[in-house]
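Please load the model in your viewer and keep the selection tool at hand. The stops below move from charged pairs to a nonpolar part of the surface.

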Amino acid sequence: MMVLSIVENAEKLWDAWNIRGFIILSLLVQVILILFAPLRKRRCEKRGKSVDLLIWLTYLLADWIAGATIGFILRNQINKGPTNSGQIQALWAPFLLLHLGGPDTITSFSLEDNEFWRRHLLGLALQVGYTIYIFYMSLPNNKLWLPTLLVFIAGIIKYAERNRAFYVASFDHLGEDWVSSEHIDGLPIPVEFQKLDKQSLLGPPAQASSDQVQASSASSDPAQASSSSSDQVQASSSQSVLGTAAHHFGTIKMMLVGPLLTPNQCFEIRETFRHKKSSDVLQIIEIELSLLYEVLHTKLPVVACRTGYILRVVNLSCILGALLSFSLFKNNYNLWLFDICLTYGLLIGAIALDFISIRLLIFSDWISVAHCWSKKPNCMNKLRWSTSVSQLNFITYYVKDDPVFLKELADRLHIRSFLDAIKGYGCLSSHNFRADKEWSFIFDEVIALNEIVSEKMKESSQTALEAKQVWLYSRERILENFSNREQFIRIIEELDYTKSVITWHIATELCFQEDQMPPTSETGSGSRDYKALCKLFSGYMFYLVVMQPAMMSAVSVSWKTVLENTLAETRLLVRRSSISNEKDAIQKILRLVPNVRNPERDINRSTLFAASELAKRLKQSDSSYPWQSMSKIWVQLMCFAAINCRPYVHAQQPSKGGELLTLVWLLMNHLGLGTHFSSHL
């Protein structure tokens with residue numbers, strides 16, 4: 001009897017509070033999404049997983065909770081008929097449509113969500129139908145019909161906006177948008193930016209800017225003139241960056257959906273970016289990726305237009321009208337105090353979420369570019385991606401390797417990839433990306449690569465060069481400073497791309513530990529720290545091979561086999577029980593590998609032996625710039641991976657905090673070295 005009593009009390013408690021509890025939870029989920037979703041594009045791979053997990057869980061829960069609550073209300077209306085609680089619940093149902101519409105900061109969690117826009121459209125029709133039926137069941141005695149109707153209109157608007165955003169971000173529509181776009185100087189301009197004039201898109205002419213500065217300096221005292229001219233130059237540069245980003249954003253859509261650019265378009269893009277500073281190019285690319293994120297994962301392209309502004313005013317007016325009507329007539333109804341407070345919470349919460357959305361809209365890159373607001377506060381200096389370069393070290397990966405029996409157990413349970421991911425994240429570190437050092441070096445090398453391609457094409461009278469040919473030409477140019485360059489080329493040619501990356505990575509680590517001298521510039525004062533650059537690029541590329549196989553799938557098919565074989569070779573030579581840290585492991589590898597008989601014979605099948613041989617050749621080289629040449633080789637390996645990665649995979653990265661490889665991919669395409677330019681180079 002006691003058990004039955006407990007069950008009956010639990011059922012009564014559930015019946016009384018299930019709808020109210022789920023509605024509170026739904027509102028809480030909306031608050032979490034609107035506040036935390038913008039952090040996605042700025043999260044670090046190592047430290048941002050908890051935020052990503054929170055957003056993923058709340059994103060999945062949001063639709064389920066709202067849909068389930070509408071079902072609870074519908075069942076309650078059918079079972080109990082028109083009551084006072086039924087009237088207030090009929091008012092709550094349209095709020096769930098508002099919640100199903102979601103905040104402006106996130107519409108889709110992944111690109112695949114956008115492709116299911118037809119399924120979401122069907123969900124819109126069903127949920128609206130259920131809400132109408134709930135409203136119909138509460139009639140004719142529903143005295144709250146006016147606020148219910150107003151919230152219902154606002155809910156339909158919000159839910160329809162989300163479905164429109166799904167459709168706009170689908171790849172089918174991106175292709176249609178490219179076909180219907182207007183063109184300026186041969187380049188497609190996105191529909192949203194076509195209202196900008198040509199000068200806004202291309203930036204102010206250099207001569208005009210110079211004349212403005214001279215006029216300003218002539219009409220004021222020297223101190224004011226200096227400050228004014230500096231502000232004008234900065235504003236002109238910012239406007240040029242925003243205009244170039246808007247001008248070339250359409251080409252990113254083209255790269256995603258597949259059409260090749262014409263020779264004139266290639267020339268226009270290449271000439272635009274070749275003559276810009278590396279810092280300006282980085283800002284342009286960052287803005288382009290931010291715009292891409294806002295197109296693919298937010299409502300901004302739908303809201304930031306004339307129709308969107310009108311609908312947003314109507315939506316906010318309906319919520320304010322519902323709040324006013326409910327506050328005036330709530331005393332005429334016999335309602336629970338808790339239900340009254342909950343309704344106020346829903347109304348005020350909806351208004352607050354709308355105002356937060358408006359603020360985020362005003363300060364978004366989409367609005368900045370669409371209106372060329374270069375003088376808006378923090379417009380150019382805000383963080384648009386994580387600016388973090390993940391690092392993974394083979395030696396650390398080996399030292400923290402899982403026991404063999406645990407791997408075998410994971411294989412039997414088919415969770416080996418999950419186990420490897422946990423180990424990989426445990427070994428990760430991150431490096432803060434700097435535009436004046438790492439990006440400047442990459443930019444200079446891609447420019448040099450562009451010059452090599454142009455030179456070789458003129459010599460051979462070719463109209464196109466394959467990526468492998470570009471790599472061969474640039475590699476030969478890099479190794480010109482080495483007296484034993486033939487031996488380096490032989491080692492490289494005997495290895496495929498995966499083995500090349502792992503071999504160069506291990507060789508870099510061995511050389512880095514052997515060279516105990518403090519980092520110094522190798523070409524005079526003010527030059528780059530090539531040793532640190534080489535270390536950074538090496539760790540990043542190994543991270544991509546192990547932790548981001550999707551980005552390397554086109555060039556690194558057998559990476560798991562190569563990595564496992566290399567770990568097994570290291571395990572045979574170095575017992576993990578005899579080492580305490582990475583430095584001990586490196587010392588043992590340096591001591592034991594050269595003593596293995598005829599290592600050159602095993603270069604083809606042994607990555608460890610090849611890395612040891614490569615490191616020995618690098619140390620014996622009489623070149624004055626080993627770290628500089630190694631850094632250039634790493635940039636070439638990075639460029640080869642970037643341009644062979646599928647555009648769809650690159651499009652996934654802005655929602656994951658961004659990847660340096662994606663920035664390199666856009667840089668290469670803007671400089672005419674992408675696969676979309678391959679037939680017109």
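A salt bridge is taken here as a side-chain nitrogen of Lys or Arg within 4 Å of a carboxyl oxygen of Asp or Glu. The model on display is predicted, and it holds 18 salt bridges by this criterion.

Select Glu 438 and Arg 434 to begin, and you will find their side chains meeting in a salt bridge with an N to O distance of 2.8 Å. Glu 438 is buried, because its relative accessible area of 1% is under the 20% limit, whereas Arg 434, at 30%, is partly exposed.

Next, select Glu 564 together with Arg 416, which form a salt bridge whose closest N and O atoms are 3.0 Å apart. This pair links distant parts of the chain, since Glu 564 lies in helix H26 (residues 559–573) and Arg 416 in helix H19 (residues 416–427), 148 residues apart. Glu 564 is partly exposed, with a relative accessible area of 30%, while Arg 416 counts as buried with 17%.

Move on to Asp 104 and Lys 299, another salt bridge, in which the closest N and O atoms are 3.9 Å apart. Here too the pair links distant parts of the chain, 195 residues apart: Asp 104 sits in the loop between helix H3 (84–101) and helix H4 (111–115), and Lys 299 in the loop between helix H12 (278–297) and helix H13 (300–303). Are these two partners buried or exposed? Asp 104 is buried, with a relative accessible area of 7%, and Lys 299 is also buried, with a value of 0%.

For the last stop, clear the selection and pick Ile 78, Tyr 133, Tyr 136, Leu 139, Trp 145, Leu 146, Leu 149, Ile 153, Ile 310 and Val 314, which form a nonpolar patch on the surface with about 900 Å² of accessible area together. Colouring by element will show that helix H5 (117–137), helix H6 (145–169) and helix H14 (306–329) each give two or more residues to the patch, and that the largest share, 4 residues, comes from H6. Finally, centre on Ile 78, which has its place in helix H2 (residues 49–80) and counts as partly exposed because its relative accessibility is 48%.

Definitions and conventions. Residues are numbered from 1 along each chain as its sequence is written. This is a predicted model: local features need pLDDT of at least 70, side-chain atom pairs count only at pLDDT 80 or more; totals for chains, interfaces and linings use all residues. Side-chain values use heavy atoms; hydrogens and water are left out. Patches are made of residues with over 30% relative accessible area and no salt bridge: like charges are joined within 9 Å, nonpolar side chains (Val, Leu, Ile, Met, Phe, Trp, Tyr) within 5 Å. Accessible areas come from the Shrake-Rupley method with a 1.4 Å probe; for residues, only the protein chains shown count as cover. Buried means under 20% relative accessible area, exposed over 50%, partly exposed in between (1.4 Å probe, protein chains only).
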